[in-house]
Amino acid sequence: MSAPQPSAQGPASSLSSAERAAERYTDGEWHRLHPATPLLRGGIVFIAVFGFVLSNLRERLINFFVGAPQYGGDPLDAIYNHGWEGWALLGVAVVLLLCLGAFYLSWRMHSFRITGDAVEVRSGILFRTQRKARLDRIQGINVVRPLLARLVGAAKLDISVAGHDANVQLAYLGSTLADGLRGDVLRLASGVRAAEAAAGGSSAVAAGVDGAAGVAATGPGAASRSAAVGELVGRRVNEFLAPELDPNAAPPESVVKIPPLRLFGSLVLSGFTVFVLVVVAFLMWGAASGALWLLIVVLPGLIGSASFYIRRFTKSLRYSVAGTPDGVRVGFGLLSTSNETLPPGRIHAVEVLQPLLWRPFGWWQIRIDTAGHSREKGAAGQPNTTMLPVGDAADVSRVLSLVLPGFATDEHRAIIEAGMVSGGHDDFTGSPHRAVWIRPFSWKRTGFRLDGDVILLRRGFVWRSLAIVPLARLQSLEVQQGPLDAALTLAKARFHTVSGPVRPRLGAIDGPTAVTLFQEVSARAVAAAAADRSHRWGSHPEPGTDSGPTPAPAPAPSPAPSPAPSTPIEEEH
């Protein structure tokens, strides 16, 4: 089955109504966020304070409703006895006005603008800050809709940028405006807008709603107030029921579907469950030996672990992944939702792994390395580097076809399958038999294969792992040989990419083969990086310029006939 692949978006591509309405906000001028932004960002604190006050006045409330006896000493009694009711109400009104004024100033001083090469946000009343995200360094755009924000029709636009703490967040925007701006920013970053301007076919800006406010303007001919309220309620209901992947920007069907039973089983058969079982056994031993203090110390944590499972389960519901013209889009969530787009060329390494407890069920997980990460957690509460929380081999094949479009053929699927489950004796260049002395269980699975502009690294006996690294994203390659490796004519190889959960490395490979691998990968990485044009994917729709590798029939290097080096190898590129 062939999975849908991202295709380049040409200048003549049609725009959705949300994208056309959002074009007015990409004019290089400063615009304000949603009016409810101060409440959604900081007003929750006042709700917590209000709850704290109510909890401290519970005796008075009980007396008011059921007539319980009073014991005095309440601050409200002192105010009432001294006749300070007016002053107290005036103080409360002043505090509320000051808070409203601070909220208004915060909203007025928080603005953003989108130019042809960057997204900028400035904020602060006393201390001003300004953040800038260059379009050519964007690694992903995430539209996050927390539950409270969904109630008022708002969403966060989290723009991930390469670099430490370099993300730019537009919190909050109108929900429709957030979707439109996401598409428009991606069109700017891809070079489509520049191509349209060069061709003289710039799009006309559609007159639409003020998305920052998310409220339709009314005039003399507007519908009645009741009809407007009904329309607003209908809009909110439709947003709650709408699919996480916009059918206008992605195929209507996700390439994978995670059954709830599989999702639940993957959470139960996890390392955290093993830890919980160990704690329960320790607790039972303590109770049997009379150490009841363990119940007080450990039992609250065990009760909290139930909420951990529930939170991870609900966050992974409605999981979907599909290809769009601007990259891979991943959506998930039931109450609070997340929808992230990863543009072409932003994935630096991919890892397909299988824990031991998942092996009887044939379940796998896919993780990725990117130069920037969204501040929001990914599916199942895991880091946003998890592309597929749990899936079978068919799911893995479909997701990899989106992440690496050049690996969507039947031949490449067979290569990936061999890297996932094969135990050796295939087209991978494996470790020699003498590696059994330092890798007694995994030496047969350890191996690599060069295929065009990517390298596949297979390792692991208990935890199976297949790492795939596009050579255009490789930062450096290191070959090492310690004393024991030198005695056995073996070596280790590490492939350095951006920081992330994927650790591409090989151990116990043949020494001369490692030297040949170093030379071959170095040459291919330089050529792949020079030919890469994925930073402007919309301007280069020709084959071979997307995020996927360019397949080539080049075979993996074979062991060189020269003798093994007598001194330890320490090379870097």
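The buried residues of helix α10 pack against α11 (271–288), α12 (293–315), β13 (386–391) and α13 (393–403). I start there, and then move to the sheets. Buried here means under 20% relative accessible area, exposed means over 50%, and partly exposed is in between, with a 1.4 Å probe and protein chains only. Contact means heavy atoms within 4.5 Å. Helices are DSSP runs of H or I with at least four residues, strands are runs of E with at least two, and both are numbered from the N terminus.

First, what we are looking at. This is a predicted model, in which local features need pLDDT of at least 70 and side-chain atom pairs count only at pLDDT 80 or more, while totals for chains, interfaces and linings use all residues. Residues are numbered from 1 along each chain as its sequence is written, and side-chain values use heavy atoms, with hydrogens and water left out.

On confidence: pLDDT is the predictor's confidence in each residue, from 0 to 100. The protein chain has a mean pLDDT of 77, and 72% of its residues reach 70 or more.

Overall, the protein chain has 16 helices and 21 strands. Of its 573 residues, 45% count as buried. Among contacts between residues at least 6 apart in sequence, 64% join residues at least 24 apart.

Back to the helices. In α10 (residues 260–268), the buried residues are Arg262, Leu263, Gly265, Ser266 and Leu267. Next, the pair α11 and α12. Their axes are 11 Å apart, and they pack at an angle of about 155 degrees. Axes are lines fitted to C-alpha atoms, for helices over the stretch in contact, and angles run from 0 to 180 degrees between N-to-C directions. Angles under 35 degrees count as roughly parallel, over 145 as roughly antiparallel, 65 to 115 as roughly perpendicular and the rest as oblique. The two helices α11 and α12 are therefore roughly antiparallel to each other. On the α11 side, the contact includes Phe272, Thr273, Val276 and Phe282, and on the α12 side it includes Leu294, Val298, Phe308 and Tyr309.

Leaving aside neighbours within four places in sequence, Thr273 is in contact with Leu267, Val268 and Tyr309.

Now the sheets. Two strands pair if DSSP finds at least two bridges between them. An open sheet of 7 strands has the order β13-β12-β11-β17-β16-β15-β14, with antiparallel pairing. Its edges are β13 and β14 (429–430), each with a single partner strand, so one side of each is left without a neighbour in the sheet. Within it, β11 (residues 347–354) and β12 (residues 364–370) run antiparallel and are joined by 6 bridges. Val352 has Ile366 in β12 as its bridge partner. Helix α13 packs on this sheet, touching β11, β12, β13 and β17 (464–470), and its direction makes about 160 degrees with that of β13. Helix α14 (residues 410–421) lies across β11, β12, β15 (447–451), β16 (454–459) and β17, running at about 140 degrees to β17.

The other sheet is also open: 6 strands in the order β7-β6-β5-β10-β9-β8, paired antiparallel. Its edge strands, β7 and β8 (320–324), each pair on one side only. Neighbouring strands of this sheet are turned by 20 degrees against each other on average, direction ignored. Helix α13 packs here too, touching β8 and β9, with its direction at about 35 degrees to that of β8.

Inside this sheet, 6 bridges join β5 (residues 138–145) to β6, and the two run antiparallel. Asn142 has Asp158 in β6 as its bridge partner. Strand β6 (residues 154–161) pairs with β7 in the antiparallel sense over 5 bridges, and Ile159 stands opposite Val168 in β7. In the β6 and β7 hairpin, which has 6 residues between the strands, Gly163 takes a positive phi near 125 degrees. How many of the residues of β7 (residues 168–174) are buried? The count is 7 of its 7 residues.

Last item: Leu335, in the loop between β9 (327–332) and β10 (337–342). The C-alpha atoms of Leu335 and Arg145 are separated by 8.6 Å, although the two are 190 residues apart along the chain. Leaving aside neighbours within four places in sequence, Leu335 is in contact with Arg145, Leu147 and Arg150.
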